[in-house]
Amino acid sequence: MPRLPLLLPLLLALPFASNVEAQTSAINRCVASDGSAVFTDRACDSMDARPVVPPPEARTRNDDTAPAVRECPRRPEALILAVEAAFARADGNRLAALYDWRGRSRAAANAVMPRLETLAGSRLLSVQSAHSADASDDAELAAEAAQAPPDRLRITHAPSGLGPGEVIEFRLLHAAGCWWITD
């Protein structure tokens, strides 16, 4: 029994010792100014980066199933690159992440999503931003359109993987600082 008074302070300090170790070995997820991911045990500011805050449901997880944090395309050129990446992976979900779903009902979303999945699974031939006035015979309207941001995204794809391809056109929408495709 005389050993118990000596061990008691050590047993009480044990939970605090493991908590200190857990705090000092935390890995911070950061984004550098060039957009690359940085993982560090130091503060993101010390690496000239900003912290990435995972969504609330991911903060409680300790596994690798947390969703990837992506930023939205801030320029039409970035949207084109993101569309090309979705086609390169034949990933309808990536294409859907670029779609403006605001105001869509569940029934409308259920109709759009299979179209996006089928489209992403086809062979991409080209992606171009355009203006709705491009086909106009009015020279003044065409000149005004050339000065304005694009309002259309034209995707030329080969659904069967062969042939000259088909053109599908989406409207471009600039909202919340991001560029989106929509019908």
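Okay, let's start with His157, which is buried, at a relative accessible area of 8%; buried means under 20%, with a 1.4 Å probe and protein chains only. Quick housekeeping: this is a predicted model, so local features need pLDDT of at least 70 and side-chain atom pairs pLDDT 80 or more, while totals for chains, interfaces and linings use all residues. Residues are numbered from 1 along each chain as its sequence is written, and side-chain values use heavy atoms, leaving out hydrogens and water.

Back to our histidine. His157 sits in strand S5, residues 152-158 (strands are DSSP E runs of at least two residues, numbered from the N terminus). Its side chain makes a polar contact with the Ser122 side chain at 2.9 Å; that term takes N or O pairs within 3.5 Å, one able to donate a hydrogen and the other to accept it. Leaving aside residues up to four places away in sequence, His157 also touches others, including Phe87, Leu119, Arg123 and Ile168, with contact meaning heavy atoms within 4.5 Å.

Now, the sheet. We have an open one of 3 strands, ordered S2-S1-S3, with antiparallel pairing; pairing needs at least two DSSP bridges. S2 and S3 (49-51) are the edge strands, each pairing on one side only. From one strand to the next, the twist averages 40°.

Looking at the pairs: S1 (residues 28-32) and S2 are joined by 4 bridges, and Val31 stands opposite Ala37 in S2. S1 and S3 pair over 3 bridges, with Cys30 opposite Pro51. Finally, S2 has Val38 and Thr40 on its covered face, and Ala37 and Phe39 on the uncovered one.

Note on methods:
Buried < 20%, exposed > 50% of the residue type's maximum accessible area, 1.4 Å probe, protein only. Axes fitted to C-alpha atoms, helices over the stretch in contact; angles between N-to-C directions.
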